[in-house]
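User: I have a model open and want to learn how to read it. Where do I start?

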Amino acid sequence: SVNDIAVKLTEQAIEALGGMKRFVSAGDVVWLKANIAWDRTPEQAANTNPDVVATLVRLCLDAGAKTVKVGDNPCNPAERSYPASGIADAARAAGAEVVVLDPNRFRDMDIGGERLKLHPVYPEIIESDLVISVPVTKHHSATRITNCMKNYMGVVEKRRTFHQDLPACIADITAFMKPRLSVMDAVRILTANGPTGGN
């Protein structure tokens, strides 16, 4: 089944990198930054595959993580996108804490970028010991394709600023996030009508 394939591919990818213990230390707080932006089902491939997320949760906990948090700053309301994506249930079942980002908790941080200077970022993500970017590979109307770097738009507020200069802003937030691990979900991919998909 697609579910079994998603689990096996995720396990094989992490194993090929040397295993999750290469990235996760005992007692770490890990934030899995999945794409949970849209009120779409897993079959519609607008969000990260829930089996990929659940497998990463399990691998992080097995590697000694104290807590694994899963959350995104979605485009559609979280009360719709989190359950529709299948990610909330799958992540909880695997032992994660599912976090709905509180708009009042974003804080201006010194991004120090070419385009982004002071910008609101979610502190709980930054305070984690490890942030794993887990995007879905898909077509995007504004950028042609969206992958690991653009996924960091889900850690910030005021995304209209990004749309004034997407390449520079995405590069700035990626440099600020200092990525250590990204796991790209390509179990199902949108080849058109991204980022939300069509029928």
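Analyst: Start with strand pairing. Two strands pair if DSSP finds at least two bridges between them. Keep in mind that this is a predicted model. Here β6 and β9 run parallel and are joined by two bridges.

User: Which residue in β9 is the bridge partner of I132?

Analyst: L181 is the bridge partner of I132.

User: What is the strand order in the open sheet?

Analyst: Five strands line up as β3-β2-β1-β6-β9, and the pairing is parallel. β3 (97–98) and β9 (181–182) are the edge strands; each has a single partner, so one side of each has no neighbour in the sheet.

User: Now the whole fold. How many helices and strands does the protein have?

Analyst: Seven helices and 10 strands. The radius of gyration is 16 Å, close to the 16 Å from the globule rule for 199 residues, so the protein is as compact as a globular protein of that length. The C-alpha trace spans about 40 × 40 × 30 Å along its principal axes.

User: What share of the residues is buried?

Analyst: Buried means under 20% relative accessible area. By that cut-off, 53% of the 199 residues are buried.

User: And how do I read the contacts by sequence distance?

Analyst: Take the contacts between residues at least 6 apart in sequence. Of these, 73% join residues at least 24 apart.

User: What classes of residue make up the lining of the largest pocket?

Analyst: Five nonpolar, seven polar and five charged residues.

User: What is the volume of the second largest pocket?

Analyst: The second largest pocket holds about 170 Å³ of space. Its lining divides into eight nonpolar residues, one polar and three charged.

User: Which elements each supply at least two residues of that lining?

Analyst: They are α5 (123–126), β6 (130–134) and α7 (166–177). Check the lining on your screen: I125, I126, S128, D129, L130, V131, Y152, F176, M177, K178, P179 and R180.

Key. Residues are numbered from 1 along each chain as its sequence is written. This is a predicted model: local features need pLDDT of at least 70, side-chain atom pairs count only at pLDDT 80 or more; totals for chains, interfaces and linings use all residues. Side-chain values use heavy atoms; hydrogens and water are left out. Ala, Val, Leu, Ile, Met, Phe, Trp, Tyr, Cys and Pro count as nonpolar, Asp, Glu, Lys and Arg as charged, and the others, Gly among them, as polar. On a 1 Å grid over the protein atoms alone, a cavity is a set of points where a 1.4 Å probe fits but cannot get out, and a pocket is an open set with protein on both sides within 12 Å along at least five of seven lines; lining residues have an atom within 4 Å of a point. Grid points are joined across faces, edges and corners, and a volume is the space filled by probe spheres set on the points. Helices (H or I, at least four residues) and strands (E, at least two) are DSSP runs, numbered from the N terminus. The radius of gyration is taken over C-alpha atoms; the globule rule is 2.2 Å times the number of residues to the power 0.38. Buried means under 20% relative accessible area, exposed over 50%, partly exposed in between (1.4 Å probe, protein chains only). Contact means heavy atoms within 4.5 Å.
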